[in-house]
Amino acid sequence: MSSKAVFKPPKPVRGGIAICFPQFGNLGSLETHGFARSRMWVIDPDPQPPPTNEMTAVDLLLKPTNEDMKIWPHNFELRLRVTLGAGKLQLTSRVRNTDNKPFTFTLALHTHLSVSDISDVRVEGLETLDYFDNLQDRQRFTDQGDSITFDCEVDRIYLSTPQSLAVIDHEKKTTFVLRKTGFPDAAVWNPWIKKSKALVDFGDDEYLRMVCIEAAAVEKPIALKPGEEWTGRQELEVVSSNYFSGQMDPVNLKGKS
């Protein structure tokens with residue numbers, strides 16, 4: 001969470017996990033990342049059955065306001081279950097088309113992770129994959145590295161990604177494992193020096209202690225007919241870095257999802 005985050009709706013909060021819906025980034029006519037992240041949600045009056053394990057959950061619901069309908073004229077229900085357990089955080093998002101006509105949307109769980117020093121962080125599981133580079137007019141490239149490390153601004157959407165990814169913080173000797181279903185893509189972001197100074201709700205040096213990695217459905221918008229529902233899930237787990245021996249194998253990561 002940025003120390004300069006503004007908690008005054010409709011200003012979106014800089015940090016945490018922002019729900020980017022019904023549009024990711026500026027890939028459309030709406031405000032950046034859509035309007036869901038800056039709306040007031042309610043407790044879902046008709047939640048799914050509670051978890052059967054030792055995890056605790058809260059169920060949230062978002063429906064369009066009259067103002068939302070003016071800029072995105074589609075009736076929908078967006079449900080979010082946030083589940084918390086020992087070392088784990090799960091987010092399950094469900095989008096239902098309650099309209100009488102089909103619509104499409106993109107969605108991402110814009111997850112800000114706290115790290116010790118970005119120069120000692122690497123992301124594994126995305127190497128050799130294609131990505132859109134938002135810093136180069138969304139041109140498509142293929143990642144050539146053994147892993148993603150950070151020495152400049154990074155703003156990418158990786159395509160057709162595995163179900164499990166990892167953010168390794170060498171200084172903390174900690175690994176964030178991100179597991180996802182329903183989200184084919186993954187976004188990675190760090191604003192670095194120049195962008196950090198340009199963001200009014202972000203500290204000048206806070207880029208050193210954060211990284212965003214998120215489950216996303218961006219390249220191919222999700223299409224729902226009336227009455228249809230889509231579900232996507234992201235789980236974050238914090239484990240000791242020695243949980244993975246040596247150079248982590250993305251193929252083995254896939255099998256852990």
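**Entry 1: terms and source.** I worked on a 1 Å grid over the protein atoms alone: a pocket is an open set of points with protein on both sides within 12 Å along at least five of seven lines, a cavity is a set where a 1.4 Å probe fits but cannot get out, and lining residues have an atom within 4 Å of a point. Grid points are joined across faces, edges and corners, and a volume is the space filled by probe spheres set on the points. The model is predicted, with local features needing pLDDT of at least 70 and side-chain atom pairs pLDDT 80 or more, while totals for chains, interfaces and linings use all residues. Residues are numbered from 1 along each chain as its sequence is written, and side-chain values use heavy atoms, without hydrogens and water.

**Entry 2: largest pocket.** I looked up its volume and found about 610 Å³ of space. I then listed its lining of 28 residues; G25, T32, H33, D155 and W189 are the closest to its centre. Strands here are DSSP runs of E, at least two residues, numbered from the N terminus. Strand 6 (103-114), strand 10 (154-158) and strand 13 (185-190) each supply at least two lining residues. For classes, I counted Ala, Val, Leu, Ile, Met, Phe, Trp, Tyr, Cys and Pro as nonpolar, Asp, Glu, Lys and Arg as charged, and the others, Gly among them, as polar. The lining of the largest pocket has 10 nonpolar, 8 polar and 10 charged residues.

**Entry 3: second largest pocket.** This one holds about 470 Å³. It has 23 lining residues, and V13, I17, R37, R39 and W41 lie nearest its centre. Strand 1 (residues 17-20) gives the most, 3 residues. By class I read 16 nonpolar, 3 polar and 4 charged.

**Entry 4: cavity.** I searched the whole structure and got 1 cavity of 30 Å³ or more. The largest cavity holds about 50 Å³. Its lining is D44, Q48, D59, R79, L80, R81, T92 and R94. Strand 4 (76-85) and strand 5 (88-97) are the elements that give two or more residues to it. Strand 4 has the largest share, 3 residues. I noted 5 charged, 2 polar and 1 nonpolar residues in this lining.

**Entry 5: strand 11.** Strand 7 (residues 121-124) pairs antiparallel with strand 11 over 4 bridges, and E124 stands opposite A166. Strand 12 (residues 174-181) is also antiparallel to strand 11, with 6 bridges. There D169 stands opposite T174. Strand 11 and strand 12 form a hairpin with 4 residues between them, and K173 in the turn has a positive phi of about 55 degrees.

**Entry 6: cores.** A nonpolar core is a set of buried Ala, Val, Leu, Ile, Met, Phe, Trp, Tyr and Cys residues joined through side-chain atoms within 4.5 Å. The largest has 28 residues, of which L126, F150, V167, V188 and I213 touch the most other members. Strand 14 (210-224) is one of the strands that supply at least two residues of this core, and its share of 4 residues is the largest. A second, separate core of 23 residues includes L30, W41, L78 and L224.

Note on methods
Two strands pair if DSSP finds at least two bridges between them. Buried means under 20% relative accessible area, exposed over 50%, partly exposed in between (1.4 Å probe, protein chains only).
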